[in-house]
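Please read it alongside the sequence and the model shown here.

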Amino acid sequence: MKKEKTKKPEKEQKQKKQRKHAYEPIEGVLGEACDYHVYDMKIQDRIAAGCIAAVIGMVVVFVFFRILPAAAAAGIILIFPAQNLYRNYKIKKRQKELLLQFKDLLESLATSYSSGQNTQGAFGDAKADMVSIYGEKADITAEVELIANGIANNITPETLLSNFAARSGLEDVEIFANVFEVVNRQGSNLKDVISDSREIINDKIEIEMEIETMLQGNKNELNIMIVMPLVIVASVSGLGTMTIANNTPFNVVLKLICIGVFGAAYFMGRKIVDIKL
């Protein structure tokens, strides 16, 4: 009985530790707002991720082993880890799009400040510009609307921008929010600061796009290299009985090792060509 009493607190402590490590979405200043670190998978997203993973797993296992039940099992198993991979892909894609939209926001703010607008008027004009460029459902439109509404409710723009930066997960937005806070509190020239920030972010994005273009050939080569083992094994499978295509114990172990090496090499290659400034 004593041992059972001591086990319960240990389990509760482990559960508390797991809860502490779990990510908690950041709320907006005015309540409901999007946290760009999180992506809620829709049914179509889960189906797409599962279908892609299942097809890849079935093709790879069937080409290497020529066993249909094993190929089907591999496809089913890969459906589950594919959900997180697809979720991370969607998060990065959304953040990248948000950064490009944020660049246009700075362009609009710089124009408004240059024409003599105050902060409230500048964000009001920026909202109209974002609606005309990206539409009412765009992420940047929702963020500018939150900032404009917050300023109208006597919330400081520094607080609103800092909250946006924390939720966005973008370093450029965080830097701009910090600079805006310092400049606005000191009463410095916001027009020059926003213009400089816009130029810096524009230069950074252009450099990233140039690097992306330069590395596109390497990414294509990496995709071709990961497909070549499948082509080679498929070709070798018709060369007789004493080949690697046979599922002897030694060949099975060797094939599993090769699949693991190819997979690890692909993910390492993706990290190498994924250059961030």
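Does Met41 count as buried or exposed? With a relative accessibility of 12%, Met41 counts as buried, where buried means under 20% relative accessible area, exposed means over 50% and partly exposed lies in between (1.4 Å probe, protein chains only). The residue sits in the loop between α1 (2–21) and α2, and, when residues up to four places away in sequence are not counted, Met41 touches Arg46, Gln83, Tyr86 and Arg87, a contact being heavy atoms within 4.5 Å. Met41 and Tyr86 are 45 residues apart along the chain, and their C-alpha atoms are separated by 9.0 Å.

## Basis of the model

The model is predicted, so that local features need pLDDT of at least 70 and side-chain atom pairs count only at pLDDT 80 or more, while totals for chains, interfaces and linings use all residues. Residues are numbered from 1 along each chain as its sequence is written, and side-chain values use heavy atoms, with hydrogens and water left out.

## Overall architecture

The protein chain has nine helices and zero strands; here helices (H or I, at least four residues) and strands (E, at least two) are DSSP runs, numbered from the N terminus. Of the 277 residues in the protein chain, 33% are buried. Among contacts with a separation of 6 or more, residues 24 or more positions apart account for 66%. The chain exposes about 17,800 Å², of which carbon and sulfur atoms supply 61%, the areas coming from the Shrake-Rupley method with a 1.4 Å probe and, for residues, only the protein chains shown counting as cover.

## Helix α8

Helix α8 comprises 47 residues (residues 190–236), which at 1.5 Å a residue should span 69 Å, and its end C-alpha atoms are 67 Å apart, which agrees; the expected span is 1.5 Å times one less than the number of residues. At Leu215, α8 bends by about 40°, the bend being the angle between axes fitted to the seven residues ending there and the seven starting there.

## Nonpolar cores

The largest nonpolar core has 34 residues, and those with the most contacts inside it are Phe102, Leu105, Leu109 and Ile140; such a core is a set of buried Ala, Val, Leu, Ile, Met, Phe, Trp, Tyr and Cys residues joined through side-chain atoms within 4.5 Å. Two or more residues are given to this core by each of α3 (68–114), α4 (119–134), α5 (139–152), α6 (157–168), α7 (171–186) and α8, and the largest share, eight residues, comes from α3. Apart from this core lies another, of nine residues, among them Val61, Ala71, Leu230 and Val233.

Leaving aside neighbours within four places in sequence, Phe102 is in contact with Ile140, Phe164, Asp172, Val173, Phe176 and Ile201.

## Positive phi angles and cysteines

Arg66, in the loop between α2 (43–65) and α3, has a positive phi of about 60° although it is not a glycine, and is partly exposed with a relative accessible area of 42%. Asn154, in the loop between α5 and α6, likewise has a positive phi, near 65°, but is exposed, with a relative accessible area of 74%.

A search of the whole structure finds zero disulfides, a disulfide being a pair of cysteine sulfur atoms within 2.5 Å. Cys51 counts as partly exposed at 44% relative accessibility, and Cys258 is partly exposed with a relative accessible area of 27%.
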